[in-house]
Amino acid sequence: MQKILIGLLILCFTTVAMAQKRKLPATLSNWDGNEYAPKLTADGRTIIYMSDYTDSGDPEIFMSSATGTSWERGMPIQIPNKDMIPFGSYNLSYEGDQLIYSSRKGPNIGGYDILFQQKKGSNWAPAINHGKPLNSPLHEMDPTLSADGKTLYFSRCETLDPVDGNCKLFSAEYLGDVYWKEPQEIQIDLASSSFVNPVILPDNKTIYFAALNSNGNYDFYMSRKENDSWSKAVPMDFLNTSAHDRYIGVTALGDVAYIHEKGERGYDLYMVKVPEEFQPAKVYYLEGTVTNLPAKALVKATDLESGEELARLILGSDEKTFGIYLPENHQVDFYIETKEQGFGYYSEFLNLDSMQSSKKVVKDITLPTLQRGELFPISIRFKDYTSDFAIGAEEELARLITLMKQNRGFEFKMEIYQQSITESEQYADSLPEIRYDTVLVDYNQIDTLATETSIQSEVDSTALEEKPTTEIVSIYHNDLTQKRADAIKAYLLDKGVPEDMFSVSGMGESRELDYSDIEEAKNSKVVFRLE
């Protein structure tokens, strides 16, 4: 069956015109073999593909990882029943911790079902068939999991005939464990008798797929989700050729596609630049490593306005690195917390409202270890020039309250600082606070006295007697640290936190502290010490 499918699906490619492409290195595109159908993890560091560079000459699924700027030599994946996986009908989860593919229950038994295998270290756990309603009496093929792990996209085919399979695209929402909602057909505005190989990009709005054209070959298309429907399909002509164009892999940023193409001696793997009009909506890709992960930890990102959960995953102590994909036009509450005693949480506000382009950020994250005398930042932000809480502050305060309840043996001494304090006798919106000061005024040095005072001086030279006098002046400034401290104290007391568990003080200006970009922009930093 495998060789028949290869013969039917992998026809001769012509050169991909109008596209910037580059052949992948010899560690993947082997001179003595053929490589096809690449699929990648979001970070682009793990690739799986088909290769017939095997002892038997039959194609198998290979895997390779990138180290630095080089790819390791691809090696066959050691999983049971791998010879029953149809050509190209496999994928990796965005994190790379799950292998998802189609397979029969046994040789010549039943239709193809979607199976899941979890990675355990360097090995793979037994495959799991999630059963109905995800799988049906028809053939479930070409699975791909969304970046947030909540939706599976796949094709459902009446037959395995690659030209007349009458395949349709479906999506199913994950309910947890092995349970899925009833799959729903994806209605695409395109005249074709067969749709295969859906690839959902990390914005959850852009889908690539292949559809049968009038010449009996497959071409690549793109569609975007608009509310609850999908836009008219657009051909991806920068990839399409006169032969079958069916298998494509992409990474999280969606700016590069991976394909196979026939060269002088066989099929090789290529990476192709994706034109901007075919790229997904802008995404913020955060790759983090929790350097001191004690045990399990929750990684979560939430839209602060809608409450929508954008990303959620559990880290184990053996897997400290993670990647999350956050679409543009969100204000994000991102945090990592653990239930282990003696550890605090990490939190960060991410404003993705004005992204100019997709962005990848790699950072090491250290969970604070709770020790007396140590200084810990708190991500409490205020509205500009006020002591009112900004969006996300109450979520952060809720985490702080939980931490205080879990560590009742400490007193939490909170301090509010500003990086700079400005004063002026002239009012400005950025100087909302006012204090009054008494200054000495020497009238002999002032040449703009009131007219009547000048006249009086001419008549009676003893009226001023050249003595300085005092005057009350208004000083406008932006020192909000104490008012903001009072706001935090009032909030904690209102939530029932005992007053003897904490103190909050406005500390004025400090340029010595380490301010994050957001703290610097907001000119405010909140920290706490444990006593």
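1. Basis. The model is predicted: local features need pLDDT of at least 70, side-chain atom pairs count only at pLDDT 80 or more, and totals for chains, interfaces and linings use all residues. Residues are numbered from 1 along each chain as its sequence is written, and side-chain values use heavy atoms, with hydrogens and water left out.

2. Helix H4. H4 spans residues 481–494 (helices are DSSP runs of H or I with at least four residues, strands are runs of E with at least two, numbered from the N terminus). Its buried residues are Thr481, Arg484, Ala485, Ala487, Ile488, Tyr491 and Leu492 (buried is under 20% relative accessible area, exposed over 50%, partly exposed in between, with a 1.4 Å probe and protein chains only). They cover an arc of only 160° around the axis, so they sit on the same side of H4 (the arc is that of the directions from the helix axis to the C-beta atoms). Gly496, with a positive phi near 90°, follows H4.

3. Positive phi. Most residues other than glycine have a negative phi. Asp142, in strand S12, has phi near 55° and is buried because its relative accessibility is 3%. Asp177 has a positive phi of about 60° and lies in the loop between strands S14 and S15; at 55% relative accessible area, Asp177 is exposed.

4. Cis peptide. The bond joining Lys132 and Pro133 is cis, with omega about 5°. Pro133 belongs to the loop between strand S11 (128–129) and strand S12 (139–145).

5. Strand S35. Ile434 lies in this strand, residues 433–441, and counts as partly exposed because its relative accessibility is 39%.

Technical notes:
Expected span 1.5 Å × (residues − 1).
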